[in-house]
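Please keep the sequence and the structure in view while reading.

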Amino acid sequence: ELGRRASELETIRAQAEPYLRMADLANGVGGNLRGVTLPTFVLLRRFEEVLDLANVRLDAMTGGRYALRRTDAREGRSHKLGLGLEVVDHACGDAARDPKTLSGGETFQASLAMALGLADAVTAEAGGIELNTLFVDEGFGSLDPDALDMVMDQLTALREGGRCIGVVSHVAEMKQRIAERVTVIPRRDGTSTLSCSTDPQPALAG
């Protein structure tokens with residue numbers, strides 16, 4: 001019985017071989033030394049494009065200290081090969097660091113740079129959608145004064161480029177940097193009301 005079943009398996013395997021080769025070709029895994037599918041390969045290339053654009057922002061926000069780089073480590077719930085991320089620390093001899101070793105402020109800067117890089121990648125696409133309005137929700141409280149200045153410079157440059165930047169923050173210093181503000185004022189009964197104000201000096205809308 002075992003011999004008969006093994007013979008049937010060989011027959012089926014021979015019949016299936018052309019289809020398996022075609023499937024491997026369609027998925028880009030036939031003879032692929034990296035063992036990644038075609039969709040994953042395309043995703044890796046797009047991921048690198050986003051990182052290149054993000055690094056332009058991160059370089060300005062960190063005074064040239066940090067850059068983001070893709071690794072071949074498996075990352076995420078699906079453990080996709082090549083979607084890992086590491087931080088290159090130029091202040092420490094271009095040492096590669098795990099993003100988890102960054103401080104809260106540095107993590108915010110890296111996350112903001114990635115978000116802006118993704119927005120730039122979408123905008124740069126032929127026929128792509130322009131992301132003219134961006135909202136940044138919190139994170140400013142984790143920045144020291146110098147880092148806050150660098151981040152605000154980037155957001156100001158985006159606004160001067162024609163984008164509307166919305167900032168959600170409880171940091172008191174932000175009031176001096178944001179021109180048009182909507183303040184949420186809590187009431188004793190648990191409800192809240194809104195107060196709108198305009199300052200001609202600052203350059204951002206919050």
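Does Asp-89 count as buried or exposed? At 0% relative accessibility, Asp-89 counts as buried, where buried means under 20% relative accessible area, exposed means over 50% and partly exposed lies in between (1.4 Å probe, protein chains only). The model is predicted, with local features requiring pLDDT of at least 70 and side-chain atom pairs counted only at pLDDT 80 or more, while totals for chains, interfaces and linings use all residues. Residues are numbered from 1 along each chain as its sequence is written, and side-chain values use heavy atoms, with hydrogens and water left out.

**Overall organisation**

The protein has four helices and ten strands; these are DSSP runs numbered from the N terminus, with helices (H or I) of at least four residues and strands (E) of at least two. Their order from the N terminus is α-α-β-β-β-β-β-α-β-α-β-β-β-β. Of the 206 residues, 29% count as buried.

**Strand β4 and its neighbours**

Strand β4 covers residues 84-89, and because five of its six residues are buried, β4 is largely enclosed by the rest of the structure. Strand β1 (residues 66-71) runs antiparallel to β4 and is joined to it by six bridges; two strands are said to pair if DSSP finds at least two bridges between them. Within this pairing, Thr-71 stands opposite Gly-84 of β4.

β4 also pairs with strand β5 (residues 95-97), again in the antiparallel sense, over three bridges. Here the bridge partner of Val-88 is Ala-96 in β5. The two strands β4 and β5 form a hairpin with five residues between them, and Gly-93 in the turn has a positive phi of about 70°. Asp-94, in the loop between β4 and β5, has a positive phi of about 60° although it is not a glycine. Asp-94 is partly exposed, at a relative accessible area of 46%.

**Salt bridges**

A search of the whole structure finds 14 salt bridges, a salt bridge being a side-chain nitrogen of Lys or Arg within 4 Å of a carboxyl oxygen of Asp or Glu. The table lists three of them.

| Pair | N to O distance |
|---|---|
| Arg-13 and Glu-10 | 2.8 Å |
| Glu-17 and Arg-21 | 3.7 Å |
| Asp-89 and Arg-97 | 3.0 Å |

The buried Asp-89 thus meets the side chain of Arg-97 in a salt bridge. Salt bridges that share partners also join Glu-1, Arg-4, Arg-5 and Glu-8 into one network.

Arg-13 and Glu-10 both lie in helix α1 (residues 2-27), three residues apart, about one turn of the helix. Both partners are partly exposed: Arg-13 has a relative accessible area of 43%, and Glu-10 stands at 45%. Glu-17 and Arg-21 also both belong to helix α1, four residues apart, about one turn of the helix. Glu-17 is partly exposed, with a relative accessible area of 34%.

**Surface patch**

Leu-38, Phe-41 and Val-42 make a nonpolar surface patch of about 240 Å². Patches consist of residues with over 30% relative accessible area and no salt bridge, with like charges joined within 9 Å and nonpolar side chains (Val, Leu, Ile, Met, Phe, Trp, Tyr) within 5 Å. Accessible areas come from the Shrake-Rupley method with a 1.4 Å probe. Val-42 lies in helix α2 (residues 38-61) and is partly exposed, with a relative accessible area of 42%.

**Pocket and cavity**

On a 1 Å grid over the protein atoms alone, a cavity is a set of points where a 1.4 Å probe fits but cannot get out, whereas a pocket is an open set with protein on both sides within 12 Å along at least five of seven lines; lining residues have an atom within 4 Å of a point. A volume is the space filled by probe spheres set on the points.

The largest pocket has a volume of about 330 Å³. Of the 15 residues that line the largest pocket, Val-167, Ser-169, His-170, Val-182 and Thr-183 are the closest to its centre. β7 (164-168) and β8 are the elements that give two or more residues to this lining, and β8 gives the most, with five residues. Ile-178, found in strand β8 (residues 178-186), is buried, with a relative accessible area of 5%.

There is one cavity of 30 Å³ or more. The largest cavity has a volume of about 30 Å³, and its lining residues include Leu-58, Tyr-66, Val-87 and Glu-106. β1 and α3 (104-124) are the elements that give two or more residues to the lining of the largest cavity; the largest share, three residues, comes from α3.
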